[in-house]
Amino acid sequence: MAAEETYPEDLRYHPEHDWARIDGEEATFGITWYAQEALGEVVFFEPPEVGTTVSKDAAYAEVESVKAVSDVFAPLSGEIIAVNEAAQEEPELINNDPYEGGWMVKVKLSDPAEAEALLDVAAYRELLSD
Amino acid sequence: MPVQYEGVKEEHLAVRSGCGIFDVSHMGEIRTSGPEAEAFLQRLLSNDVSKLALGGAQYSCLCAPDGGILDDLFTYRLGEQDYLTVTNASNHESDLAHFLEVAADFEVEVNDAHADWAMLAVQGPAARDLVAGLASSELPARMTAAAVEIAGAEVLVCGTGYTGEAGVELMISPEHAPAIWDALLAAGARPAGLGARDTLRLEVCFHLHGHEISPERNPIEAGLGWCCKEATGFIGAEAIATAREGGTPERLVAFKLTERGIPRDGNELLADGEPVGVVTSGTFAPSLGLGAGMGYVRAEQAEPGTSLEVDVRGRRRAAEIAAMPLYEKHN
């Protein structure tokens with residue numbers, strides 16, 4: 001049921017195991033396969049409200065397994081323009097499909113240049129192997 | 001015992017639908033024997049030990065003179081003058097010291113038996129049949145214990161558990177435990193960890209020492225008055241009789257969230273915006289599919305159906321006091 005371990009080439013990664021799919025001045029955020037695996041089965045996802053702002057490296061959402069709560073960190077700064085309501089209804093999407101159906105928020109970026117500080121897939125895989 | 005093997009939710013549901021095994025060898029044991037063993041345990045334990053038949057099991061509290069709960073215990077009567085009491089791991093040393101201190105006044109021998117026993121809890125609707133398939137003779141009924149040969153080793157089989165499911169707890173000489181564990185797995189039992197043990201017991205509102213019960217709480221407010229027989233004169237009986245007579249300012253309740261969210265231990269409980277209590281255990285309850293827990297609230301706010309809020313890390317979640325147990329089998 002859980003997804004295979006994958007790290008898509010087209011994403012940028014944050015060392016706290018978050019990903020960003022950047023499309024011009026907008027981006028979609030989520031957590032990586034490694035993060036969902038470490039967390040275990042997600043039973044609750046609490047996104048922020050549309051219209052609020054998030055800051056790079058700061059917690060913007062919570063995910064919970066049966067046993068524990070974890071913060072989700074923003075890979076980039078901006079304003080929330082959409083949240084994944086399907087993942088609120090079915091939090092297991094975050095485990096089963098972490099890069100597509102399990103996305104968390106869409107953000108209008110306030111400083112697209114921040115993306116330069118994120119990792120590409122090779123650098124993120126290297127971080128995981130340390 | 002690990003927190004999980006496959007995942008808490010999966011293990012939880014496996015126990016509710018089939019059979020799980022928990023390695024609970026961390027639990028402690030105290031063996032009490034001698035001509036005054038019954039009188040001695042009657043002094044220590046809140047329940048009426050004289051009602052404990054040969055081969056029977058009995059739940060009780062171990063209380064301080066002020067009625068505070070030092071531990072909650074299962075005692076098995078193995079012989080006319082021979083009893084085995086199972087302690088919580090974190091209280092084992094202090095329980096043992098308390099037993100030994102009180103034993104000075106009785107003709108009784110008290111032994112630390114922790115190292116003598118490994119303990120496996122086999123729980124779930126399929127558990128008894130699964131164990132029976134490996135057993136040389138019939139399994140003891142619920143709330144009784146008997147020696148039975150299982151997978152070639154002599155095991156003390158106890159018809160008890162901590163999940164709300166049918167099942168047995170196996171007390172095993174440690175050298176035989178790995179083979180029995182393997183035999184149970186081969187027969188189809190699923191290993192389950194501490195995480196599922198906690199969610200299973202919470203759904204059926206069993207107390208966990210250090211959470212719902214502690215030296216700061218008496219059995220009456222904890223809803224454990226049923227296992228206190230003050231007429232036996234056990235240590236703490238007077239204080240408990242007073243609490244039973246006069247009522248307690250707070251009471252332990254179970255609650256369910258009526259919106260999404262997961263309550264956690266230590267979260268504040270509110271009614272009409274005012275603090276009324278605190279969560280002692282909270283989780284996502286896998287068989288209910290929602291956030292649920294137990295906690296203490298002011299006695300006048302303890303009725304099932306009462307609306308509450310739980311302050312979960314600064315966000316207030318709507319909840320409702322629910323009847324205990326939160327989960328009940330319908331078959």
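In the predicted model, Glu268(B) has Val278(B) as its bridge partner in strand E14(B). This pair belongs to an antiparallel arrangement in which strand E13 (residues 268-271) and strand E14 (residues 274-285) of chain B are joined over four bridges. The two strands E13(B) and E14(B) make up a hairpin, with two residues between them. Within the turn, Asp272(B) adopts a positive phi of about 50°. Strand E13(B) also pairs in the antiparallel sense with strand E16 (residues 307-312) of chain B, here over three bridges. In that pairing, Glu268(B) stands opposite Asp311(B) of E16(B).

Most residues other than glycine have a negative phi, and most peptide bonds are trans. Against this background, His17(A) shows a positive phi, near 75°. His17(A) is located in the loop that links strand E1 (12-14) to strand E2 (18-23) of chain A. With 22 other C-beta atoms within 10 Å, His17(A) is classed as buried, because the cut-off for that class is 20 or more. Met143(B) likewise has a positive phi, with a value near 65°, and is found in the loop between helix H4 (127-132) and strand E8 (145-150) of chain B. Met143(B) has 16 other C-beta atoms within 10 Å and is therefore partly exposed. In chain B, the peptide bond from Met324(B) to Pro325(B) is cis, its omega being near -5°. Pro325(B) lies in the segment that follows strand E17 (315-322) of chain B.

The interior was then considered. In soluble globular proteins, nonpolar side chains tend to be buried together. The largest nonpolar core of the model comprises 124 residues. Those with the most contacts inside this core are Leu120(B), Val122(B), Leu170(B) and Ile172(B). When neighbours within four places in sequence are left aside, the residues in contact with Val122(B) include Cys19(B), Ile21(B), Leu130(B), Val131(B), Val168(B) and Leu184(B). Leu170(B) is also in contact with Val122(B), and both residues are among those with the most contacts inside the core.

Finally, the two chains meet at an interface in which seven residues of chain A are in contact with 13 residues of chain B. By class, the side of chain A that touches chain B consists of three nonpolar, one polar and three charged residues.

Technical notes. Residues numbered from 1 in each chain as written. Chains lettered and ligands numbered in written order. Predicted model: local features only at pLDDT ≥ 70, side-chain atom pairs only at ≥ 80, totals over all residues. Buried ≥ 20, exposed ≤ 12 C-beta atoms within 10 Å, placed from the backbone. Core = buried A, V, L, I, M, F, W, Y, C linked by C-beta atoms within 7 Å. Nonpolar A, V, L, I, M, F, W, Y, C, P; charged D, E, K, R; others polar. Pairing = 2+ DSSP bridges.
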